[in-house]
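Subject: Structure for you to look at

Hello,

Please find the structure below. My notes come after it.

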Amino acid sequence: MQAAVEEVVTHEIVDGSVSGGPSTSQTIMVASLQHLLRVVPADAPPSGYRSAVMEENVLGKETMRAREWAFRQLRRFYGLDPDVLLFRGLRDLWPDDPVGQPLLAMLCALARDAVLRSTAGVILNSEPGVPVGPTDFRSTIEEAFPGVYGDKTLRTAAGNVASSWYQAGHLDKETRTEKVRSRATATPADLAYGLLLGHIEGHRGQALFDTLWTRVLDQPASRLTDLAVTASQRGLIEFKNAGGIVDVGFTVLLRPFDDEASSL
C-alpha cells in the first residue's frame, strides 16, 4: 500500500533545477502558518484554508489583495490541501510539539521550493557563531540558477531566504541587520518528517538518517537515533534497530488517501 501512495507523491518533492520558487517573492511565513493551522480544523478541505484567509481574515490583512497574496504564498510553500501528502504529513505532525513547528515548516518548504533548497549548503557548511548574510545566499542562488534571475530578484530572494532560515532557527540576530549561524531545535516530529522525505526519495534503512532532510535538523547522529526512538514510541513512525540493521516504517504518514481506501 505504501508503494501505491509513493507513486502518487514522488513528484511532490520539486526537482532541484526548477526555478521560480516562492522564495523569490516571500519568506516561509512560519508565524502565519502557525496561526492558520491553529484556526482551521485538521480535516478541513482546501476551501477551508482559503475561506479562513480571504473571508474570515484570520491573518489580519488590511486589504483583499494582501489576503490573496498571503494565501497564494502559503499555498505555494505548503500546499494547504489534505490530498497533498507533504501537507497531510505536516498537519499530522504539527500538534506533536509546537517547538518543532518552525523546522516542520522549513522541511516542507525546502521540498517544494528549489530556490530555498539551493541555499541549504550555506547553512549546513557554516559553524555556529559564523556570520551568514544575504550575500552568501545570493551567490549560491546565482550559481544554482545561472542567468535566470535579475539583480532585483536575486536581492529579494536572498533576503527572503535569510529570513526563512532565521524563522526556522538556523540563524540568530547578532545585530539588527546581521545574523549568525545558530543550531536549530529538532523534535521527534521533525525527524519523522525528515525521514518521510528521505523515504519518498528512495532512501531506506540507515541511509534515511544521512540525507539533506535529516542534516537540516542540525543534530548529531546519536541525537537523531534518540529522536527516532521517541517518534516510534509516540506512534509517528515505526523504528527498529537490531544489531545495526535499521528499519523505518510509515504506517500513519503513508496511509492511503480516502479515495484509495474506498476503492479497496
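This is a predicted model: local features need pLDDT of at least 70, side-chain atom pairs count only at pLDDT 80 or more; totals for chains, interfaces and linings use all residues.

Residues are numbered from 1 along each chain as its sequence is written, and side-chain values use heavy atoms, with hydrogens and water left out.

Helix 6 (residues 101–112) and helix 11 (residues 188–201) have axes that come within 9 Å and cross at roughly 15 degrees. The two helices are therefore roughly parallel to each other (angles under 35 degrees count as such). The contact (heavy atoms within 4.5 Å) is made by Leu103, Leu104, Leu107, Cys108 and Ala111 of helix 6 and by Ala189, Asp190, Tyr193, Gly194 and Leu197 of helix 11.

In helix 2 (residues 30–39), Val30, Ser32, Leu33, Leu36 and Leu37 are buried (under 20% relative accessible area). Seen down the axis of helix 2, these residues fall within an arc of 160 degrees, so they line one face of the helix. On the other side, Ala31 and Arg38 are exposed (over 50%). The cover over the buried residues of helix 2 includes helix 3 (46–54), helix 4 (64–78), helix 5 (85–93), helix 6 and helix 10 (151–168).

Leu195 lies in helix 11 and is buried, with a relative accessible area of 0%. Leaving aside neighbours within four places in sequence, Leu195 is in contact with Leu208, Phe209, Thr214, Ile237, Val248 and Phe250. The C-alpha atoms of Leu195 and Asp210 are separated by 9.4 Å, and the two residues are 15 residues apart along the chain.

Regards

Definitions and conventions
Axes are lines fitted to C-alpha atoms, for helices over the stretch in contact, and angles run from 0 to 180 degrees between N-to-C directions. Helices (H or I, at least four residues) and strands (E, at least two) are DSSP runs, numbered from the N terminus. Angles under 35 degrees count as roughly parallel, over 145 as roughly antiparallel, 65 to 115 as roughly perpendicular and the rest as oblique. Buried means under 20% relative accessible area, exposed over 50%, partly exposed in between (1.4 Å probe, protein chains only). The arc is that of the directions from the helix axis to the C-beta atoms.
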